[in-house]
Amino acid sequence: MGWGNRRIHEAAAVCAAQFPAIGLIWWISGQLGDDYAYAGAYGALALFGLLCLLVVAPLVLPVLGLLHAAVQVLPAQALARRAARRTRGPEWAWHLALTAVLGVAWAALALLLRDWPFTTTAPLLAALGVLPVLGLGWLRRRTRGLWAIWLPALFASVGLFLLALVGGVLATVTGIVDEYEPPVLSAGQLAGVWRGEKGAVLRLGTGGRAEHTDLPTEAEPGSVDPYAEQPFDVCDGTGTWLLDGKGGHDPYGDGSEGRPGVVVRPAGGCGQETYWRIGGTESEPELFVPFGDPDAPEVRVLTRD
């Protein structure tokens, strides 16, 4: 079945139409979440990246639309036609249901291969097929020729993008979407094992004792270039920790109050006192430190084991 096939054009067009709005929603949601205390630099970079994507969108979107159609929408359509012949249900309803089923199946595969959270990925991938299925039904009744397929998709894409933009602005201005606040955790809630990338482990004991393996820590002043690829020390050993609920130790604070966090003081000569800020949510808390250049830091994150 060649690329010139009308059905493939229709499926690719309706799939591609939703991606600019999805990208904008993803970017807005990222801005409303934890910015790890350096939103200014990376928020601007993210916005610049979004604008670059809009420039190359005419080249990228058809490819993304074709890929999405090939792995979810078109296979579901083929199965829906067979199901509709054997039952009394309408083909569009079968198509919608089977597209959702394939989305869930891809989410299960992502869980096995990439450890993506199934409870989040499954509904997102299932919902990703709703608009394409409905759009295919509309195009099938009205289109003649390729321009009649891609032009409505273009107009729909612009409309969805503007709708997402207006909705995001209104939700922020009216307070429907609350500004992010880090979770309030007690010392008992913080006690336990925290793990990060490259094997980093931090064990916070209930008595204020800390144990760490391959843990990024603040380096001795002058011993590490803050602009280096790794602007911190990596240490093994023991030490102490305490909860700073007022954030007085937070370098980003005003000296007396900042973001709540955990002060970790390694013993044994490797690394200096390091302030791990509390982030994430109450159900999925995080500890993080931005190291190096304040304008473009390298952030290391620990999550609960």
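The chain exposes about 17,300 Å², and carbon and sulfur atoms supply 64% of it (Shrake-Rupley method, 1.4 Å probe; for residues, only the protein chains shown count as cover). This is a predicted model: local features need pLDDT of at least 70, side-chain atom pairs count only at pLDDT 80 or more, and totals for chains, interfaces and linings use all residues. Residues are numbered from 1 along each chain as its sequence is written, and side-chain values use heavy atoms, with hydrogens and water left out.

**Overall make-up**

- The chain has eight helices and eight strands (DSSP runs numbered from the N terminus; helices are H or I with at least four residues, strands are E with at least two).
- Of the 305 residues in the chain, 36% are buried (buried is under 20% relative accessible area, exposed over 50%, partly exposed in between; 1.4 Å probe, protein chains only).
- Among contacts with a separation of 6 or more, 56% are between residues 24 or more positions apart (contact means heavy atoms within 4.5 Å).

**The barrel**

- Eight strands form a closed barrel in the order 1-2-3-4-5-6-7-8, with antiparallel pairing (two strands pair if DSSP finds at least two bridges between them).
- Neighbouring strands of this sheet are turned by 35 degrees against each other on average, direction ignored (axes are lines fitted to C-alpha atoms, for helices over the stretch in contact; angles run from 0 to 180 degrees between N-to-C directions).
- Strand 1 (residues 192-195) and strand 8 (residues 298-304) are antiparallel and joined by two bridges. Tryptophan 194 sits opposite arginine 304 in strand 8.
- Strand 7 (residues 285-291) pairs with strand 8 over six bridges, again antiparallel. Here phenylalanine 288 stands opposite valine 301.
- Strand 2 (residues 201-204) and strand 3 (residues 209-217) run antiparallel with four bridges. Leucine 204 has alanine 210 in strand 3 as its bridge partner.
- Four residues lie between the strands in the hairpin of strand 2 and strand 3, where glycine 208 takes a positive phi near 85 degrees.
- Seven bridges link strand 3 and strand 4 (residues 233-244) in the antiparallel sense. Glutamate 211 is partnered by threonine 238 in strand 4.
- Strand 5 (residues 261-266) and strand 6 (residues 274-280) are antiparallel, with four bridges. Glycine 261 has arginine 277 in strand 6 as its bridge partner.

**Salt bridges**

- The whole structure holds seven salt bridges (a side-chain nitrogen of Lys or Arg within 4 Å of a carboxyl oxygen of Asp or Glu).
- Arginine 277 forms a salt bridge with aspartate 250, with the closest N and O atoms 3.0 Å apart. The pair is 27 residues apart and links strand 6 to the loop between strand 4 and strand 5. Arginine 277 and aspartate 250 are both buried.
- Salt bridges with shared partners join Glu197, Glu298 and Arg300 into one network.
- Glutamate 91 and arginine 81 meet at 3.4 Å, N to O. Glutamate 91 is in helix 4 (residues 91-114) and arginine 81 in helix 3 (residues 39-86), 10 residues apart.
- Glutamate 91 is partly exposed at 31%, and arginine 81 is partly exposed at 30%.
- Glutamate 211 also forms a salt bridge with arginine 209 (3.8 Å, N to O).

**Surface patch**

- Trp147, Leu151, Leu154, Phe155, Val158, Leu162, Leu165, Val169 and Val173 form a nonpolar surface patch, with about 930 Å² of accessible area together (patch residues have over 30% relative accessible area and no salt bridge; like charges are joined within 9 Å, nonpolar side chains of Val, Leu, Ile, Met, Phe, Trp or Tyr within 5 Å).
- Leucine 165 lies in helix 7 (residues 147-173) and is partly exposed at 35% relative accessibility.
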